[in-house]
Amino acid sequence: MTKLLGISGSLRQHSLNTALLKAGQALLPDGVTLEIATLHGIPLYDGDLEEKSGIPEAVTALKQKILASDGIILASPEYNAGIPGVFKNAIDWVSRPPAESAAIFQRPFAVIGASPSGFGTILGQHAWLGVLRQLGADYWSGGRLLISRAHESFDDQGKLINQRNQDEFAKFLQGFAKFLQGFAKFASRPKP
Ligand SMILES: Cc1cc2nc3c(=O)[nH]c(=O)nc-3n(C[C@H](O)[C@H](O)[C@H](O)COP(=O)(O)O)c2cc1C
């Protein structure tokens with residue numbers, strides 16, 4: 001069984017990016033699961049808070065989900081052509097303390113995104129590259145998923161309406177899962 005973790009970078013109840021991950025759960029290849037995590041409960045990073053109280057519970061919980069998965073998909077909105085602050089903030093927390101940024105180091109990450117615009121988060125996705133590089137993540141670049149006009153892309157059941165979007169997402173998930181299955185370096189890492 002290949003365990004994917006999808007992290008939605010939006011706190012909104014009706015987030016298009018959370019909806020995208022939910023739609024992905026219906027498009028998985030056999031033998032692959034996709035758990036969805038959100039960023040609710042993660043405070044703003046504050047070094048004083050870290051020094052006084054350590055890593056917040058919500059951050060530890062997210063870190064554990066990352067460690068327990070075989071591969072992570074960041075479903076990232078695009079804000080002002082970049083990464084939304086809440087999402088960057090969560091990953092900054094997860095990277096603390098530095099010795100424990102192993103939660104991300106050498107772990108396979110992929111990035112997808114949905115936006116009402118015609119460009120489907122292409123700049124926001126690009127902005128993740130430097131962050132993932134800095135943290136030593138194994139960024140999977142074998143597929144790309146950009147959902148444009150996303151506010152018109154889901155039906156009442158949360159399914160992607162457009163067959164092309166469905167096919168692209170299924171192909172993306174298939175490609176990422178196949179990559180993970182051959183990811184011997186990752187497979188040999190100890191799991192909690
Ligand atoms: C502060 C802010 C900046 C935004 N900047 C962009 C942008 O640069 N490109 C884009 O495609 N959409 C932009 N949007 C629109 C978001 O794509 C849209 O709100 C989207 O629904 C957010 O994702 P969510 O539905 O998962 O919350 C912006 C929205 C906000 C609130």
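Glutamate 50 is buried, with a relative accessible area of 13%. In this predicted model, the side chain of glutamate 50 meets that of arginine 96 in a salt bridge, with 3.1 Å between N and O. The count of salt bridges comes to 4, and a ligand is surrounded by 13 residues. Here is a friendly tour of both topics.

**The pair of glutamate 50 and arginine 96**

- Glutamate 50 sits in helix 2, which covers residues 47-53.
- Arginine 96 belongs to the loop between helix 4 (85-94) and strand 4 (108-114).

**A pair inside helix 4**

- Lysine 88 and aspartate 92 also meet through their side chains in a salt bridge, at 3.0 Å from N to O.
- Both residues are in helix 4, where a spacing of 4 residues puts about one helical turn between them.
- Lysine 88 has a relative accessibility of 29% and counts as partly exposed.
- Aspartate 92 is partly exposed as well, with a relative accessible area of 29%.

**The pair of arginine 149 and glutamate 152**

- Another salt bridge joins glutamate 152 to arginine 149, and their closest N and O atoms are 3.3 Å apart.
- Arginine 149 is partly exposed, with 42% relative accessible area.
- As a general point, side chains of opposite charge can pair when their charged atoms come close.

**Around the ligand**

- The closest of the 13 surrounding residues are Ser10, Arg12, Ser15, Glu78 and Ser115.
- By type, the shell around the ligand divides into 5 nonpolar, 6 polar and 2 charged residues.
- Serine 10 places a polar side-chain atom 2.6 Å from an oxygen atom of the ligand.
- Leucine 16 takes part through its backbone, with an N or O atom lying 2.8 Å from a ligand oxygen atom.
- Glutamate 78 has an N or O atom in its side chain that is 2.7 Å from a nitrogen atom of the ligand.
- Taken alone, the ligand exposes 620 Å², and the protein buries 70% of that area.

Conventions:
Residues numbered from 1 in each chain as written. Predicted model: local features only at pLDDT ≥ 70, side-chain atom pairs only at ≥ 80, totals over all residues. Heavy atoms only, no water. Helix = DSSP H or I, 4+ residues; strand = E, 2+ residues; numbered from the N terminus. Buried < 20%, exposed > 50% of the residue type's maximum accessible area, 1.4 Å probe, protein only. Near = heavy atom within 4 Å. Polar contact = N/O pair within 3.5 Å; in protein donor to acceptor, adjacent residues only side chain to side chain. Areas by Shrake-Rupley, 256 points an atom, 1.4 Å probe, with all protein chains shown as cover. Nonpolar A, V, L, I, M, F, W, Y, C, P; charged D, E, K, R; others polar.
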